[in-house]
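Here is a short note for a colleague who has not seen this protein before. Please read the points below with the model open.

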Amino acid sequence: MKSATSPTSVCINHLSGVHDMLKNDEETRHQNQTLSSTSTLPTLQNFVDSYLVHLIRNDIFQLSVLVGKLSALFLENVPLDSTSDAGVSEEARRSIAECSQLSVLTSQLLTGLEETAARLELDLSTCIYKKMELNRKKYPAELCTGKAGKYTEYSKETGITKDEGQSTLHVTLNALPKHASLGDALPELTAAIRRFATERSWSKYHLPRSLLLALLGELGELAELFQWSKDEAQPLSPELVDKAGQEIADVTIYLIRLADVCGIDMNATKSCK
């Protein structure tokens, strides 16, 4: 996946030249006419929106390719999830440890998710912490311990429904540690996600194949946000960016949890490249 760049720094610089060229062509064709106020000449902002939307859609395709490869490796190398509550079996851990490509793919997927968030000018670590704060409200430990139900089962107590209380735009966080990259933040994020699961007795559900299926589901929700945009200009409102950031965070949370329970060190894989 190519490095993400700020839409304000690259899209505008690159596309303003294209826009000026089209504008000159338009003026040449109509040099003896006065352009009406209803001219269909695309605006620069439309170019920027269109360019960014198709890049995000490309990112989602590329993330899907990586997840597809990861799924194929799981089919070939990872045993079925245990039917007991004992967690990941030793057989599964051995199989995962012997498949070095699993580490490579999880590391590549983590990098791709960070780049997709950056394209939306989001810091992925912050998105994750904000989503976990929202999840604490959606899944109170005292209500959902040992249960695998959806948050809507607790809507009466939490007030959070499918349509209400889902935004993280106004979620406030305590001062977060400064990290140069998501990789540097991984140990703290891994511990926080593990603690969240342990507090709710969810470890019995967090098995390799189950976690990968959950990750697939969240990636589908990210794709759903852009599935009908046709690579055309779509205003990226704060609400849309927030929803996209939440879905990217959800995918990453499951990826980090998957690496944790499988004993995969994604930072070690990066350092070996």
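1. Does Lys230 count as buried or exposed? Lys230 counts as exposed, because its relative accessibility is 59% and the exposed class begins over 50%. Note that this is a predicted model. Look for Lys230 in the loop between α9 and α10. Its backbone deserves a glance too: phi of Lys230 is positive, near 55°, and the residue is not a glycine.

2. Some background on that last remark. Most residues other than glycine have a negative phi. Ser201 is another residue to check: its phi is about 55°, again positive, and Ser201 is not a glycine. Ser201 sits in the loop that joins α8 (182-199) and α9 (208-226). Its relative accessible area is 35%, so Ser201 is partly exposed. Glu121 also has a positive phi, near 60°. Glu121 follows α4.

3. Now the overall picture. The protein has 11 helices and zero strands. Read from the N terminus, the order of elements is α-α-α-α-α-α-α-α-α-α-α. The chain has 273 residues, and 41% of them count as buried. Take the contacts with a separation of 6 or more: 82% of them come from residues 24 or more positions apart.

4. Start the helices with α4. It covers residues 100-119, which is 20 residues. From first C-alpha to last, α4 reaches 29 Å.

5. How do α4 and α10 lie against each other? Helix α10 spans residues 238-262. The axes of α4 and α10 come within 10 Å and cross at roughly 160°. Angles over 145 degrees count as roughly antiparallel, and α4 and α10 are therefore roughly antiparallel to each other. The crossing of α4 past α10 is left-handed.

6. Which residues make this contact? On the α4 side they are Thr106, Leu109, Leu110, Leu113, Thr116 and Ala117. On the α10 side they are Ile248, Val251, Thr252 and Leu255. By class, the contact of α4 with α10 has seven nonpolar residues, three polar and no charged.

7. Helix α10 has another partner to inspect, α5 (residues 124-138). The axes of α5 and α10 are 9 Å apart, and the packing angle is about 90°. That angle makes α5 roughly perpendicular to α10.

8. The α5 side of this contact consists of Leu124, Cys127, Ile128, Lys131, Met132 and Leu134. The α10 side consists of Gly245, Gln246, Ile248, Ala249, Asp250, Thr252, Ile253 and Ile256. The contact of α5 with α10 divides into nine nonpolar, three polar and two charged residues.

9. One more loop to visit. Ser89 lies between α2 (44-77) and α3 (90-98). Is Ser89 buried, partly exposed or exposed? Ser89 is partly exposed, because its relative accessible area is 27%, and the buried class is under 20%. Pro79 is 10 residues from Ser89 along the chain, and their C-alpha atoms are 8.9 Å apart.

Conventions
Residues are numbered from 1 along each chain as its sequence is written. This is a predicted model: local features need pLDDT of at least 70, side-chain atom pairs count only at pLDDT 80 or more; totals for chains, interfaces and linings use all residues. Side-chain values use heavy atoms; hydrogens and water are left out. Helices (H or I, at least four residues) and strands (E, at least two) are DSSP runs, numbered from the N terminus. The expected span of a helix is 1.5 Å times one less than its number of residues. Axes are lines fitted to C-alpha atoms, for helices over the stretch in contact, and angles run from 0 to 180 degrees between N-to-C directions. Angles under 35 degrees count as roughly parallel, over 145 as roughly antiparallel, 65 to 115 as roughly perpendicular and the rest as oblique. A crossing is left-handed if the near helix is turned anticlockwise from the far one by less than a right angle, and right-handed if clockwise. Contact means heavy atoms within 4.5 Å. Ala, Val, Leu, Ile, Met, Phe, Trp, Tyr, Cys and Pro count as nonpolar, Asp, Glu, Lys and Arg as charged, and the others, Gly among them, as polar. Buried means under 20% relative accessible area, exposed over 50%, partly exposed in between (1.4 Å probe, protein chains only).
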